Amino acid sequence: MTSKNDTRSGGGSLLHRLPAFPPWGAALIGALLVAIVVAIGNDAFLTSRNLSNIFAQTAVLAILATGQAFVMLTAGIDLSVAAVAALSATMLGVLTVANDLPWFVGLVVCLVVGAAIGALHGVLVGRLLLPAFIVTLGGLMVWRGVALQLTGGINTTGLADPIRWLGRGLVAGVPVPAIISVLVVAVSTLVIVKTKFGVGLRAIGGAEGAAARAGVPVLRYRITAYVICSVLACLGGIMLAGRLDSAGGNLAQGFELQVIAAAAIGGVSLFGGTGSPVGAFFGAILIGLIQNGMNLGGVSPFIQQIVSGGILVLAVGVDQFRKYLARRIL
Amino acid sequence: MSALNEAMTAVPLLEMRGVIKRFGGVTALDDINLRIDPGEVVALVGDNGAGKSTLSKVIAGVLQPEDGDVLVDGTAHKITGPTHARSLGIEVVYQDLALAPNLDIATNLFLGREIVRRGAFGWLNTRRMRAEAKEHLDSLDVNVPSLTTPVERLSGGQRQAIAISRATYGGHRLIVMDEPTAALGVRETAKVEQLITRLSERGISVLLVSHNMAQVKKITHRVLVLRRGRLVAERRTADVSAEDVVSLITGAREE
Amino acid sequence: MKSAGRKLITAAALGTLAIAGLTACSMESTAPPAAGGGDGECVPEDLMIGYVNPSVTNQGWIIIGQGATDAAEERGVELRTFGPPTEGDAAGQVTVVQDLIAAGADALAIAPVDSSALVPAVEEANSAGVPVVNLDSYIDGGELASFVATDNYAAAQMQAEAVAEHINGTGKVILINGSQAYSTGRERRDGFVETMEEKYPDVTVLEVETEWDAQTAQQGLEDLLSANPDVVAVANAWDGATVAAVPVLAGESNDIYLIGFDGAADAIALMLKGDVDAIVAQRLYDIGHTAIDTAIDTACGEEVEERIDTGSVLLTPDNVEKFIDENPPIMREFIEKAS
């Protein structure tokens, strides 16, 4: 007797296949479109140097957006990522330059502090049930304040060579930050799609009550998601400081909005349950392409902001339309 | 409806003796005595506020009784919570189905108890889960387009079927269901009723809380009538008519 | 029901009383307090000067702040320094000004976040009879006792001349601009660009627009350099960008002239290391010092100059040490901390 249950997505008409289009598809297509538009307008775009720059420049955004994706999957949000990045970079500067500690000690300390910050966020949100928006908004102000307080507002320059290598080094001609960002995105995607933890995160975002009743360790997974987000924020902050060769409390000011936009453009839903770091990656690339195109064309940053904001709304609209289409077809 | 052991089995699957549940000054369940045998489909009926929901929750381990014994397979247990109840083989299909709509069918079937490969990372054994899901659904004759379909894209009846399949996977023997077809259309209701019957044929018992007398008549073996916390009547379904049951519920007829 | 109605009326009455009471209190506090001595009769210990800065995340502001603090100490007056809660928060700055007026400041020194947003705050100070000294970035409205700042336009002209001389009046130059919403941003751009346009037509200026943030500056520089590898000089409107430019230029094969603006400690540290060719330095310490000095004078009812140019100096490796020595020791401290 033929089983009516197929373990693979069946064939069927094109219309039936269309909703299987992944959430990050829109970001990828958008990025390609923008790339084409910019390439037509600027001869300087399609050079290996410029393209390499773009991947290097957007690496930090991609990494922070990936961390954000973990949290957004649980229907949470982390507004403090840029502040945590700044704090971690500032700490690294203070430890390694002002106090002459070896760079890897500084690096480890910063990542550990980041994990602690993430755990704190996770406990406040998951155990005390405070809204993530409020907790991390407070974090945004507090952690940046701590960073500024640490150095009295002074930026540290002259960071150790390995740190600067993280931000600006090359391996076989490929920028190190680009390699790191691709690795982070790849590993994160595997975790979210192919592990029990990843399934649990998505279940928490999709139907927390059901997940809890099914035996998913909601509190533990939620805290882990916030820890991952903060640790990746620290990594990004250190890479950015290495790239600028400047570590201080004003690093990545206001960057959190770009981070959330990158994730949302990439199809990671603010309501939880859907999305993947691959989307965050393409969302970051899309934003980077717009910035690159504007810089090459000499367009003012005000217009850049308008365009980026418009793309964000458009991307989320496309994603909603895709879901709507899926429901109508069945 | 056959396959039910004609002679009552010696040891009932579930038995309650003198169970009392109070909330402050209110007695929600008063001296409940019942038994459910393997493979039986038992209807639990009563008016609003009669105590159906409380009784289901006591069986499911969500609430603990003040007095009385709950026996599973003849042994008395103090069921401390839903996880404990699950380990005793009792599972509940909730109104909201406890499904994650954004995840696919196979993932939902295994939610919270995924099959993982050896090693520390919790790496999913997706192929095996899909194969076992397919097997389980086939055995219950549940039809779905594809195991990778997100549950939110299924019809209400299909979702109910998945929720029931999930509850029965893993050797659970008593499934408590609260109005499973209340929100479904005629065709889908029929399908779910067939599924319940198949469960019973496989020796799984079902406690069906229902207001739908036609459904009760169609698929249940026995009817338990609750009124104001007391079990006022117990009948074999074959022996009563729908009107009789209604009268028992409202008290127009006494036991 | 009757009782509900009574409760409603009681609540409304209490509410009205509360609002009336609060209004009365706040009205009292916005009335100008009696100044200690008022006209010419100046007792320093009784004076309180309010200093409002844009925020303290930029090192330049720390040196300005040091000048301000020293001036207050030298003359024995109380100085209260505040910035808005977050950088660039104009509304927050207005609130700070209002709070200082309410606290009884005898004079205010304001460095605005935004040239037009602070006008209402100045007007409030005017009506409260509190004199206002404006520093760094111009406030275009209200009555200002004095404007103490670097002539940014002239300084930017100096910057353009330095570049032109180094590149022999011809070639491509990248100019990294600050926010054009600030008068300082506009003046520094115009001074540079107009000098090039008028005197050195063979110089092409490629511009990067930023909101005073180093990341955007660096990205813009990288992108333009990749499109124009034959650039011979990079000029920055502030030293946050200068510092961010150093690692980019380090990767370039040809020698590109790098000139900054401000004279911040981290940029000077890099110049001492040989990574920065020149800096048009503001006399940041003097700005703070003169601003507070002038504010104290106005509080005492004295006449002050309307426009005080604190000047700028072109720093090169030859004269930078002398510049550091001329400044208070805190600058050398900062430079050491930054390297």
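Let's start with a helix pair: α5(A) and α6(A) are roughly antiparallel to each other. Why? The two helices, residues 103-126 and residues 132-151 of chain A, pack at an angle of about 150°, and an angle over 145 degrees counts as roughly antiparallel. Their axes are 9 Å apart. Keep in mind throughout that this is a predicted model.

Stay with that pair for a moment. The crossing of α5(A) past α6(A) is right-handed. Which residues make the contact? From α5(A), we have A:Ile117, A:His121, A:Leu124 and A:Val125. From α6(A), the list is A:Ala132, A:Val135, A:Thr136, A:Gly139 and A:Trp143. By class, that is six nonpolar residues, three polar and no charged.

Now the chains. Two pairs of chains are in contact, and A and C share the most contacts. What about B and C? No contact joins chain B and chain C. Their closest C-alpha atoms lie 31 Å apart.

Take A and C. Here 34 residues of chain C meet 32 residues of chain A. On the chain C side, several elements each supply at least two residues: α2, β7, α7, α8, α9 and α12. Which of them gives the most? That is α7(C), with 11 residues; this helix spans 214-227. The chain C side divides into 15 nonpolar, 10 polar and nine charged residues.

Next, A and B. In this pair, 29 residues of chain B touch 26 residues of chain A. On the chain B side, helix α4, residues 126-139, gives the most, with four residues. The classes on that side are 15 nonpolar, seven polar and seven charged.

Let's go inside chain C. There are two domains here. How far apart are their centres? Taken over C-alpha atoms, 28 Å separate them. The contact takes 12 residues from domain 1 and 16 residues from domain 2.

Look at the domain 1 side of that contact. Both α2 (59-75) and α10 (284-299) of chain C supply at least two residues each. The most comes from α2(C), with four residues. By class, this side has four nonpolar, six polar and two charged residues. Note that α2 of chain C also supplies at least two residues to the side that touches chain A.

Last topic: the sheet in chain C. It is an open sheet of six strands, with mixed pairing. The order is β7-β6-β8-β9-β10-β12. Which strands are at the edges? They are β7 and β12 (312-315), and each pairs on one side only. From one strand to the next, the twist averages 15°.

One strand pair in detail. Strand β9, residues 257-262, and strand β10, residues 278-282, of chain C pair in the parallel sense. Four bridges join them. C:Ile259 has C:Ala278, in β10(C), as its bridge partner.

In chain C, α8 lies across β6 (171-176), β8 (231-236) and β9. The helix runs at about 160° to β9(C).

Key:
Residues are numbered from 1 along each chain as its sequence is written. Chains are lettered from A and ligands numbered from 1 in the order in which they are written. This is a predicted model: local features need pLDDT of at least 70, side-chain atom pairs count only at pLDDT 80 or more; totals for chains, interfaces and linings use all residues. Two residues are in contact if their C-beta atoms, placed from the backbone, lie within 7 Å. Domain bounds come from an automatic or database domain assignment. Ala, Val, Leu, Ile, Met, Phe, Trp, Tyr, Cys and Pro count as nonpolar, Asp, Glu, Lys and Arg as charged, and the others, Gly among them, as polar. Axes are lines fitted to C-alpha atoms, for helices over the stretch in contact, and angles run from 0 to 180 degrees between N-to-C directions. Angles under 35 degrees count as roughly parallel, over 145 as roughly antiparallel, 65 to 115 as roughly perpendicular and the rest as oblique. A crossing is left-handed if the near helix is turned anticlockwise from the far one by less than a right angle, and right-handed if clockwise. Two strands pair if DSSP finds at least two bridges between them.
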